[in-house]
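Please go through the side-chain contacts of the following model.

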Amino acid sequence: MSVEYVKDVINYEELIGEGQSQTMVNGDIVISERDGDVSKVLYCDGEAVVLNCQVVEDRVIVEGRMNFRVYYSSNDTRNIYKVEASSNFTHNIQIPGARNEHSPKVEAEIEHMEYQVTTNKKIRVNAVINLKGHVYNRATKETIVDIKGQDVQMLRESVEIDEYLRDVKEESMIKAEINSEKEIEEIAKTEVFVYKRDYQVLDGKVLVNATAKARMLVKSKDGEYFMLEQDIPFSHEVVAEEVKPNMKIDVMCKVKETYAEVSENEEGERKVVSVQANVEIYVKVYSTRQLQNILDAYSSDSRYEFEKENIKCFSYHDEATDSQVLKDRITVPEDEAIVEVKYVDAKPVITEVKVLEDKATCEGILRCNLVYVKAKEEPELEGYEEELPFKFTLDIPMAKIDMLPTCSVKLESLSYEKFADKEVNVKANLVCHMKLYKKSVYDILKSLKEIDITEMIKNMPSLVIYTVQPHDTLWKIAKKYGTKVEDIVKLNDIENPDYIEPGMKIIVPKKTFMK
């Protein structure tokens, strides 16, 4: 006997797997003849950039670039030299189950950097890079949501699913001019990042409003180092026809390329820095819908054999932002004293992220590099690194420990001053942004087959006195005898259909009896 049923389509994103790996990248920095010889390396920093990633069977091939920067002195206390080099790398992250058609996402973070001065014109640099990869699959499944037929009884469960609709990736160019009170000789370091973000969901589009921070370490013509900072607000409209105001949107903004140069103002003074950055804006669209999932079904004349399928959905849950002021002190070794603070360079490093019930925590260190002139018979430049700890706790309603977090901490502003001969006070404004993604598992009805009922049920009397057994429900009893739950409730005057006790005597009517 054929069964008629209604199908629905579920579009979802599945997390296939995740993996981590480490790679070491080496490079040589050769110093030009016009720059001073290396007397002492003050500190080094850099960034690891993912250029491309490709999924092949059970692994992700990552292509990246490590950008090294080394700051050094050359037998004087005025000049701090910066030299740079880049090294490309290729590395594999093992992720079982990954296939060519899947989509990868890889993040690269520097765990450790070191250097070795090989000659007065050459520095060997090494970096240990942590690579974290995730692989996703965009899938479509059909599920049976209704069974057509006479007197069919269905036990349903209402399930909320965040359906994946689409993603859009666009780029926006932002520009700004920053004015300085002092004439600038050179830019020692440039950083641009997005630290504030909001969006408005309209019909067919998402309006992104964000603020980027441009921060530059510059050297004036009189040899003084100081910071230039400026907010760069920007807006971008992402067009997506499927978007509706009630949909769930995941928005990501990331600065990909940055360019800065010093120019002259109207008076001919080098007091203007022109900044330009390319921002990648990535929008994912989810539609939250209620699916009436069929758990069981029967009729008075038929039973059904179900084939169910397990689907694993991965979707955006929620996010939160918090800020804090970190005040701490850098203390240099006892055998040294600070004559002059040249500058403090700082970078937040996340060490641990945890998701708890209704909240998430982020711990890390602010890695501070202090460059100063130390007191000696002949004063000389010195570099000193200090790690200042921080911790954020962010409230995120409905957060669960099995959710996947992504977290970033940005340095919004930094100030410092010499406090004593060996101490420098540091004040840093930090902004933490946390996102959570949930993993949900659903059993959907893939297919069903109609099977005949037993002769005992066909020939049962109009009324049966049934003794309730442990773990019985009215649904199980009604299905066993091919009747309706509401008929049992009505005939036995049961107040709460969800509560029956073992040992109860109930009257089970045959379908024809209730007509």
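Does Arg69 count as buried or exposed? Arg69 counts as buried, at 10% relative accessibility, because buried means under 20% relative accessible area, with exposed over 50% and partly exposed in between (1.4 Å probe, protein chains only). The model is predicted: local features need pLDDT of at least 70, side-chain atom pairs count only at pLDDT 80 or more, and totals for chains, interfaces and linings use all residues. Residues are numbered from 1 along each chain as its sequence is written, and side-chain values use heavy atoms, with hydrogens and water left out.

Arg69 meets Asp45 in a salt bridge at 3.0 Å, N to O. This pair links distant parts of the chain, with Asp45 in strand β2 and Arg69 in strand β3 (residues 59-73), 24 residues apart. A salt bridge here is a side-chain nitrogen of Lys or Arg within 4 Å of a carboxyl oxygen of Asp or Glu; strands (E, at least two residues) are DSSP runs, numbered from the N terminus. Asp45 is buried too, with a relative accessible area of 11%.

Asp45 also forms a salt bridge with Lys189, the closest N and O atoms being 2.8 Å apart. Lys189 lies in strand β8 (residues 184-202) and Asp45 in strand β2, so the pair ties together parts that are 144 residues apart in sequence. The relative accessible area of Lys189 is 14%, which makes Lys189 buried. Salt bridges that share partners join Asp45, Glu47, Arg69, Lys189 and Asp345 into one network.

The count of salt bridges comes to 42. One of them pairs Glu380 with Lys40, with 2.5 Å between the closest N and O atoms. Glu380 is in strand β16 (residues 380-395) and Lys40 in strand β2 (residues 40-56), so this contact ties together parts that are 340 residues apart in sequence. Glu380 is partly exposed, at 25% relative accessibility.

Next, the aromatic rings. Rings of Phe, Tyr and Trp (its six-membered ring) pair if their centres lie within 6.5 Å; planes under 30 degrees apart count as stacked, over 60 as edge-to-face and the rest as tilted. The count comes to 12 aromatic pairs. Among them, Tyr225 and Tyr343 form a tilted pair, 5.3 Å centre to centre with 45 degrees between the planes. Tyr225 lies in strand β10 (residues 225-239) and Tyr343 in strand β14 (residues 338-356), so the pair ties together parts that are 118 residues apart in sequence. Tyr225 is buried at 5% relative accessible area, and Tyr343 is buried at 0%. Tyr43, Tyr71, Tyr225 and Tyr343 form one aromatic cluster.

Technical notes:
Helices (H or I, at least four residues) and strands (E, at least two) are DSSP runs, numbered from the N terminus.
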